[in-house]
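Here are my notes on this one, jotted down as I went through it. Have the structure open while you read.

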Amino acid sequence: MIRAGVIGHPVSHSLSPRIHNRWFEETEIDGRYEAIDARPEDFVEAVRRAAGDGFVALNVTIPHKEKALEIADEASPSARAIGAANLLVFRDGKIFAENTDWCGFAEAVEREGGSLAGDTAVVLGAGGAAAGILYALQDFENVLLANRTRARAEALAGRFPNVTVVDWEKKLELGATESGLFVNTTSLGMAGYPTLGMILGDPGPAMVVDIVYAPMETKLIRAARKAGKPVANGLSMLVWQAVPSFEAFAGIPPKRPAATLADLEAEL
Ligand code: ATR
């Protein structure tokens, strides 16, 4: 039996076990995908225990993605460039770090008819999720990046040469700026946080992505839909990042990832 899972803290709300166990069933692979809750101080020990218990891979989620890269013996170029790993594969007694978060974002954009290249893209936020998204936006001429804490945005801009930092106070202007993509990677709009008050200009952004998925339709997504723009949210990114993860530990792709996404959208 293939054993895999997701390690995080907290992790009980994670949708990944539902996604992967369903794909194991659909592909008729004998596998089990579990959620492992580990506090930061227990992370390394928990990873080693999982490897010792026969897990072939672990997805890694908040708050362990940077640490996951640190403890790996080898890392993919994307995990290294992003500075974080959301997948650890155990092979030949070694830990390999991979990042499939940026693939999830890229796939979600392309599936909705958006483009990953062009003149200008806008990104709000410079936390853990932003680095993977900036990695996926390297074919844009210019990425305008605004974050409440400017120093974090500047640190990211130092790693990606096409990124220009814009004042957080100017974020409203960014909604009016003509761009190929407008991406919210902040927590604004998430249940329990203030909403992101954004007025989208005309033409403004060609497509809007909000990494939030609880609620599934944020105020930003609603405004974009109303303006007839294609959108993607955190749920589609989650499902599409799960596809290469599943391939890594199951050896074959899932059968119907789009159907899984549609079902989750209907259920949540
Ligand atoms: P993640 O890993 O999900 O990106 P994170 O690293 O905690 O989470 O980042 C959260 C992002 O949301 C950051 O860009 C954060 O801005 P700061 O760097 O200034 O903290 C942003 N954020 C969270 N709450 C916010 C708020 N009330 N107003 C503006 N930005 C906020």
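1. Contacts first. This is a predicted model, and among the chain's contacts with a separation of 6 or more, 60% are between residues 24 or more positions apart.

2. Overall dimensions: a compact globule of 268 residues would have a radius of gyration near 18 Å, and the chain agrees, with 18 Å. Along the principal axes, the C-alpha atoms fill a box of roughly 55 × 40 × 35 Å.

3. The chain exposes about 12,300 Å², and 50% of that comes from carbon and sulfur atoms.

4. Have a look at helix H2, residues 43–52, where Phe43, Ala46, Val47 and Ala50 are buried. Viewed down the axis of H2, the buried residues fall within an arc of 100°, so they line one face of the helix. Their cover includes strands S1 (2–8), S2 (31–37) and S3 (55–60), helix H3 (65–71), and strands S5 (87–91) and S6 (94–98). After H2 comes Gly54, with a positive phi near 95°.

5. Now the ligand. There are 14 residues around it, and Gly128, Asn147, Arg148, Thr149 and Arg152 come nearest. A polar side-chain atom of Asn147 sits 2.6 Å from a ligand oxygen, and a side-chain N or O atom of Arg152 is 2.8 Å from an oxygen atom of the ligand. Ala129 uses its backbone: an N or O atom there lies 3.1 Å from a ligand oxygen. On its own the ligand has 640 Å² of accessible area, of which the protein covers 76%.

Key:
Residues numbered from 1 in each chain as written. Predicted model: local features only at pLDDT ≥ 70, side-chain atom pairs only at ≥ 80, totals over all residues. Heavy atoms only, no water. Buried < 20%, exposed > 50% of the residue type's maximum accessible area, 1.4 Å probe, protein only. Helix = DSSP H or I, 4+ residues; strand = E, 2+ residues; numbered from the N terminus. Arc of directions from axis to C-beta. Contact = heavy atoms within 4.5 Å. Near = heavy atom within 4 Å. Polar contact = N/O pair within 3.5 Å; in protein donor to acceptor, adjacent residues only side chain to side chain. Areas by Shrake-Rupley, 256 points an atom, 1.4 Å probe, with all protein chains shown as cover. Rg over C-alpha atoms; globule rule 2.2 N^0.38 Å.
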